[in-house]
Amino acid sequence: AQLEAYLWFRTRGRPFVTLKLAASLDGRTAAPDGSSQWITGHEARVDVHRLRAEVDGILVGAGTVRADNPSLDVRHVDGTNPTRVVLGVAPADAAVHPCIELSGPLPEVLDELARRGIVDLLVEGGAQVAADFHRHGLVNRYLIYLAPVLFGGDDGRPVFAGPGAATIDDVWRGQMTSVRHLGDDIAIEIRPQRPTIGGS
C-alpha cells in the first residue's frame with residue numbers, strides 16, 4: 001500500500017490521483033450563496049491536512065482560488081507543504097502562491113506534473129475540476145468526507161458540475177475500501193470497480 005502511488009507512477013508515467021470531496025448527507029458542497037465553511041468538523045480537517053502532508057502535489061481550479069482564496073498548505077499537522085497547482089491563472093495576490101499554473105487537457109496536465117516529479121496528487125476541486133477528473137477516468141482513489149448536515153433542497157451546490165448519468169445503467173460504480181469516523185463526520189474511501197485508464 002505504501003508503494004501504490006510510486007508503482008502507478010513508474011508503470012503509467014502519471015501521478016496517482018486522489019480526489020477529495022466534502023459534502024453534506026444530501027450531496028451538497030455549499031449553500032446557494034457559495035458559503036461552505038465549515039461543512040465538516042475539526043477532525044476531518046485535520047485528516048485532510050495529514051493527507052496534504054503525505055502527497056507531492058495538490059491541485060485546484062482557478063475558480064476555487066478566486067472564490068475561496070485557499071492557501072492549500074499544511075497547518076493542523078507537522079509536515080511539508082505539497083507543490084500547489086492551479087488549473088488556469090491564479091490572481092497575483094492569491095494565497096496559493098507560489099504555485100504552478102497549468103492549462104490544457106487534463107491528461108497533458110498530468111503528464112507535465114509527472115515531468116516535474118509529482119508522484120502523488122491530491123485534487124481538491126471545485127465542482128467542475130472534480131467532474132472533469134471523474135469523467136475522464138483519471139481518479140485512482142476517491143476520498144469523500146460526509147458531514148451530518150442537510151441543506152434540505154436542490155439549490156445547494158453539488159459535488160460535481162454538469163450533467164450526470166442519464167440512466168441507472170450508466171452510473172459510475174465503485175468499491176468502498178474503508179469507512180472511518182472522524183468526530184461527527186465519516187471519511188469514505190472508494191476505488192473504481194474497473195482499473196483507472198488514466199485518460200488513455
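The legends below describe an overview and two close-up views of a predicted model. Residues are numbered from 1 along each chain as its sequence is written, and side-chain values use heavy atoms, with hydrogens and water left out. Because the model is predicted, local features need pLDDT of at least 70 and side-chain atom pairs count only at pLDDT 80 or more, while totals for chains, interfaces and linings use all residues.

**View 1. Overview of the chain, with five helices and 10 strands.** Helices (H or I, at least four residues) and strands (E, at least two) are DSSP runs, numbered from the N terminus. The C-alpha trace spans about 45 × 45 × 30 Å along its principal axes, and 44% of the 200 residues count as buried (under 20% relative accessible area, with exposed over 50% and partly exposed in between; 1.4 Å probe, protein chains only).

**View 2. The aromatic pair of Tyr142 and Trp172.** Rings of Phe, Tyr and Trp (its six-membered ring) pair if their centres lie within 6.5 Å, planes under 30 degrees apart being stacked, over 60 edge-to-face and the rest tilted; the count by this rule is one. Tyr142 and Trp172 are tilted, at 4.7 Å centre to centre and 55 degrees between the planes. The pair links distant parts of the chain, 30 residues apart, with Tyr142 in strand E7 (residues 141-147) and Trp172 in the loop between strand E8 (157-158) and strand E9 (174-182). Tyr142 is buried at 5% relative accessibility, whereas Trp172 is partly exposed at 39%.

**View 3. Leu3 in the segment before helix H1 (4-12).** Leu3 is exposed, with a relative accessible area of 53%.
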